[in-house]
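Visitor: I am new to this structure and would like to learn how to read it. Could you walk me through it step by step?

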Amino acid sequence: MMTDDFNRDGISPASEESVRESRNTSETEEHCNLPVPLAGLQTKGTEATFDPIQEFMQQVREALPFGYAVDEEEQVIFNDDNPSGVCGLFRPVLRLRDPHSGSKWALQLEFLDPDGKLRTRVFEETDVFGKGQYLQELRGHGFYIGPLSTEVTRLLRYWLRRSPPAKGWRVERTGWLTNPGEPEVYVHLDGRIGADRDHAGQEIVLVGARRDEVNGTLEQWSVDIAATAVGNPLMIFVIAASLAGPFMKPADLQTIVFNLYGRSSSGKSLLLQIAQSCWGNPAGVRCWSETSARMTELRALGNDGLLACDGFPVNPSSKDLVALAALEQDSHFTEVDGRHRSLVLMSGEISTQSIFRRRRKTPSEALQTRVLDISVDGGAYGAFDDLRGQKGPDALVALLQKGIAANHGHAGPAMIRLLIENHDHCTHNLSRWMANFVREELKARGLDGSNMVFVQHLRRFALVSVVGEMAIKWGLLPWPSGTAHQAVRDVVSVWQAASAQGEFGEALHRLMAFLRKREGDLPWAGITPFPEDHPAGYQDADYYYVRPELFRDEVADDPDELEALDRAGILANGGEQRSHQYKMGATQWHKRPRVYRISKDRLARGSPTKTCDKNARREDFYHRGPLS
C-alpha cells in the first residue's frame, strides 16, 4: 500500500478526522500539521534590518567601471562628460543564454524606478547592442535616460568588459528543466526554482515570469473549497486534475485536454476557476479568444502545469481551430525544442467532437487522443450534485466564489514541493498505480484493451486519480481515502457514455439529466382543469410533452442532435417532413400547441451504452484501496 511506503519516507498522511480536528486548533498548530509551509505564511517576531535599496546602491558603486560615479541624492549615474547624469541607477545582474544551444544571449538588468522600487527586466543583447529599443521600455518604467541615450549603451558595453556579471541560464517556459551538468529542477511561474536541495548550479531566469498570485491560507482554502467538493465528483475531478500537470513528465504523458461542456450557467466556468485557485488568482482563467491569439506564450507559462481557458466558441473560427490543433504538437517532447506539455482545462457549450462533425472535419488521431470531452449537465444542479447545506445553487456558487477569491495560490506549489521531496518514490510507482486504474476500468466495462486510443484515454484519467489520491495521503486534500479515485471513475462513465455515441449520446445524456430535474414539473394530462399553457409541458402514460423553448434551452437545439434522437425513436414526431416536433390534437387541446414528444417506452428500454453498478464498484474499491 502507498500509505505504508510514504510513512517509511517520513510523511504523515492526514485523515479526514485529523483535518476536522485541526480546524479547532490554533493557527500555529494548523501550520505545523501541514506537510508543507504555507506560501502566504508570515514569520512573526523578526525585525527586518536589511535595506535592499542601500544594498543595491552599494552594488552599483562597487561594480561601476572606472570614470563613473553615483549621485545618491539625485539617484543617477554620472561621469565627467555627463555631470547631470547618464541615466538612473541600474546594474547588469546576469548574462543569460539558452542552456542547450548556448545562444540567445540576454542581459538581466536591475534598476530603481521613480517610486523607489527595484525592478528587473531581461533584454536581448541583439537589441541592447543593436537597435536599442530596450531604452524605450526602460523609459516606460519611468527610468531616467540622459540627453544622450547612446551613452547608456556605451556604459553597458564598458561595464560588461570591465566588470562582467555572472552567467546564468535563460528559460522561456515553466516546468521541469535539466541543464548541462546539473540536477533536474522545476521552474515556477514566478521564476522560483524548485529542487530537492539548494540549487548550486548557475542561476536560472524565466523570461516573462509572472508575479506570484497568493492570497489567504492553504488551511482556509482546504476548509472553504476542497472540503466542499465532497459529494461533487466533477469538482473533485477538476481539483485533482489541476494538480496533475507536474506529474505528466514522470508519467510519460503528453498534453492532456479535458473539455468541460454544457449548457450556459451549468457551472463549467466556476469549475475552471476552482481549478485555477490551486495555482493563483481564479481571475487568471483565460477566455478562449485570448488563448487562441497567445497559445504559444500561454502554453509556455503553463508547461508541466495548468492552462485553464473558458468559452470555446460553438462556431469557432479557423483561428480557433488552429489554436486547438496546436495542442497536439508535443509529440517526441524534449527540452531542446519549442513544444510544450500541459494539462489543459477548457470549457464550451458543446463537445469538440460535435464541433468537428459540424465542420465536416476529422481531427487528427493525436488530437483525439489528447482531448477528452466531459459533459457537466448531468448533476442535480448542473455541474454539482450536493449543495453542501446551502439553500440553493446560487448560494453555493456565491460561497465558492468568495472562498477562491479569499484563498488561492497554495495547493499547486505545495504539491510540487511534495513531488520533489518524494520524486524517486513517485516515479518508481506512478506507472504501476496508473496501470491498476486502467486494468480495473477495462474490466468494469468488459473490454480487453485492444483499442489503444481508449487505453490512452484511460491513462490520462488514471493520472488524475493517482495524483488526487497522493494529495490525500500527503494531507494536502481533506478527503477520505478513495474520494479522488471514485470521482474520476464516475467522470469516466460520463465521458464514455457521451463520447461512444456521438450526437446521440450527448443529447441523450442531457435529456436524462433534464428529466431527472424537471419530471416533477410536468403535470399529468387528464387532471381537471388542466393548464394547457403550462410553461414546462405535461406527460401521460406513454409520453413526455415538453415545450419547444424549454427543450431547446436545456436539451438540444442542434439539428444533428435532434435528428439522432428522432432516429432512435426517443423523439416521436408528428409525421411532418421538416419538423421533429409534435402538434397536439384538436379534440383535447384547443390551441394545439407544438411540443417535443418523448417516448417513455423507448427511454425505459435504456441506452445501448454499457454501464456498470457504481455501488458495487464503490464497495469493491474501498475494500481494496486505490493505490494498492
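Guide: Gladly! Let us begin with a term: two strands pair if DSSP finds at least two bridges between them. In this predicted model, β1 and strand β2 (residues 76-79) pair in the antiparallel sense, over four bridges.

Visitor: Which strands make up the open sheet with antiparallel pairing, and in what order?

Guide: As a general idea, strands of a sheet pair through backbone hydrogen bonds, either parallel or antiparallel. Here three strands form an open sheet, and their order is β1-β2-β3. From one strand to the next, the twist averages 40°.

Visitor: Why is one side of β1 and of β3 left without a neighbour in the sheet?

Guide: β1 (68-71) and β3 (82-88) stand at the edges and each has a single partner strand, so one side of each lacks a neighbour in the sheet.

Visitor: Which helix packs on this sheet?

Guide: That is α7, which touches β1, β2 and β3. The direction of α7 makes about 75° with that of β3.

Visitor: How should I read the helix itself?

Guide: The general idea is that an α-helix has 3.6 residues a turn, so residues three or four places apart point the same way. In this structure, α7 has 13 residues and reaches 18 Å from its first C-alpha to its last, close to the 18 Å expected at 1.5 Å a residue.

Visitor: Which residues of α7 are buried?

Guide: The buried residues in α7 are E151, V152, T153, L155, L156, W159 and L160.

Visitor: What is the strand order in the open sheet of five strands?

Guide: The order is β6-β5-β4-β7-β11, and the pairing is mixed. At the edges are β6 (118-124) and β11 (203-206), each pairing on one side only. The twist in this sheet averages 35° from one strand to the next.

Visitor: How many bridges join strand β7 to β11?

Guide: Four bridges join strand β7 (residues 166-171) to β11, and these strands run parallel. Looking residue by residue, R170 has V205 in β11 as its bridge partner, while V171 has L206 in β11. β4 and β7 also run parallel, joined by four bridges. There, L96 stands opposite G168 in β7.

Visitor: Let me try a single residue. Is Q108 buried or exposed?

Guide: Buried means under 20% relative accessible area. Q108 has 11% relative accessibility, so Q108 counts as buried. Its place is in strand β5. Leaving aside residues up to four places away in sequence, Q108 touches R91, P92, V93, L94, L96, T120, R121, V122 and V205.

Visitor: And where is S351?

Guide: S351 lies in the loop between β15 (343-348) and α14 (352-358). At 0% relative accessibility, S351 counts as buried. S351 and L260 are 91 residues apart in sequence, and their C-alpha atoms are 8.0 Å apart in space.

Visitor: How does the whole chain look?

Guide: The chain has 25 helices and 20 strands. Of its 628 residues, 52% count as buried. The chain exposes about 28,700 Å², and carbon and sulfur atoms supply 47% of that. Among contacts in the chain with a separation of 6 or more, 69% come from residues 24 or more positions apart.

Visitor: Where in the chain is confidence lowest, and where is it highest?

Guide: The general idea: where pLDDT is low, the predicted coordinates should not be read in detail. In this chain, confidence is lowest in helix α3 (residues 27-33), with a mean of 36, and highest in helix α9 (residues 233-242), at 98. Over residues 1-47 pLDDT stays under 50, and the model has 60 contacts beyond four places in sequence for them. Residues 607-626 also have pLDDT below 50, with 35 contacts in the model beyond near neighbours in sequence. For the chain, the mean pLDDT is 84, and 83% of the residues reach 70 or more.

Technical notes
Residues numbered from 1 in each chain as written. Predicted model: local features only at pLDDT ≥ 70, side-chain atom pairs only at ≥ 80, totals over all residues. Heavy atoms only, no water. Helix = DSSP H or I, 4+ residues; strand = E, 2+ residues; numbered from the N terminus. Axes fitted to C-alpha atoms, helices over the stretch in contact; angles between N-to-C directions. pLDDT = per-residue confidence, 0-100. Contact = heavy atoms within 4.5 Å. Expected span 1.5 Å × (residues − 1). Buried < 20%, exposed > 50% of the residue type's maximum accessible area, 1.4 Å probe, protein only. Areas by Shrake-Rupley, 256 points an atom, 1.4 Å probe, with all protein chains shown as cover.
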